[in-house]
Amino acid sequence: MFDPKEILHSAFAIKKAYDSIWNSVMEKYSLTRAEIDVLAFLKCNPNHDTSRDIVEYKMTAKSHVSKAVENLMSRGYIIRIQDEDDKRVIHLKLTEESDSAVAEIKSIQADFAEKISDGITPEERAAFHSIAKKLCINAEKML
């Protein structure tokens, strides 16, 4: 059995480290963390490209996503495209205007992934992913 305190402490430590890596890109592009999250999500999840998808997968507040989407649209970083089959569904697409910021975001994420996994073997990574997936499934069952 896992010690819940140990799991939570690890999760918070990783989140704190992840949160700390964004200052340079936030300043350089005048982006908020929510806007960075939306850009990164859209880049990494081309098949999940609605505000609802972002809220669901990122487990974030609808209001944060909505405000970030509006700000990114006003800057020309994303556009809305109405679904051809279901007019109620609005897809979000990155524009060329976002390319530089998105490339830097992806680079920072890759650097973080490399640093956070330093010294972890491929076997340990596989075991971690398996365990983390099961923990998430069990946590979702509790909700």
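What volume does the second largest pocket have? In this predicted model, the answer is about 340 Å³. The legends below start there.

**View 1. The second largest pocket and its lining.** Here we're looking at a pocket of about 340 Å³, lined by 14 residues. Thr 50, Ser 51, Arg 52, Arg 88 and Ile 90 are the ones that lie nearest its centre. Sorted by class, the lining splits into six nonpolar, three polar and five charged residues.

**View 2. Zooming in on Thr 50.** Thr 50, one of the residues nearest the centre of the second largest pocket, sits in the loop between α3 and α4. Its relative accessibility is 11%, so it counts as buried, the cut-off being under 20%. A polar atom of the Thr 50 side chain lies 3.1 Å from the backbone nitrogen of Asp 53. Beyond its neighbours within four places in sequence, Thr 50 touches Val 89, Ile 90, His 91 and Leu 92.

**View 3. The largest pocket.** This one comes in at about 2400 Å³, with 44 residues lining it. Nearest its centre you'll find Ala 11, Ile 14, Phe 128, Ala 132 and Cys 136. By class, the lining has 26 nonpolar, eight polar and ten charged residues.

**View 4. Helices around the largest pocket.** At least two lining residues come from each of α1 (4-20), α3 (33-44), α4 (51-58), α5 (62-74), α6 (99-116) and α7 (122-142). Helix α7 gives the largest share, with 13 residues.

Terms used. Residues are numbered from 1 along each chain as its sequence is written. This is a predicted model: local features need pLDDT of at least 70, side-chain atom pairs count only at pLDDT 80 or more; totals for chains, interfaces and linings use all residues. Side-chain values use heavy atoms; hydrogens and water are left out. On a 1 Å grid over the protein atoms alone, a cavity is a set of points where a 1.4 Å probe fits but cannot get out, and a pocket is an open set with protein on both sides within 12 Å along at least five of seven lines; lining residues have an atom within 4 Å of a point. Grid points are joined across faces, edges and corners, and a volume is the space filled by probe spheres set on the points. Helices (H or I, at least four residues) and strands (E, at least two) are DSSP runs, numbered from the N terminus. Ala, Val, Leu, Ile, Met, Phe, Trp, Tyr, Cys and Pro count as nonpolar, Asp, Glu, Lys and Arg as charged, and the others, Gly among them, as polar. Buried means under 20% relative accessible area, exposed over 50%, partly exposed in between (1.4 Å probe, protein chains only). A polar contact is a pair of N or O atoms within 3.5 Å; within protein, one must be able to donate a hydrogen and the other to accept it, and residues adjacent in sequence count only if both atoms are side-chain atoms. Contact means heavy atoms within 4.5 Å.
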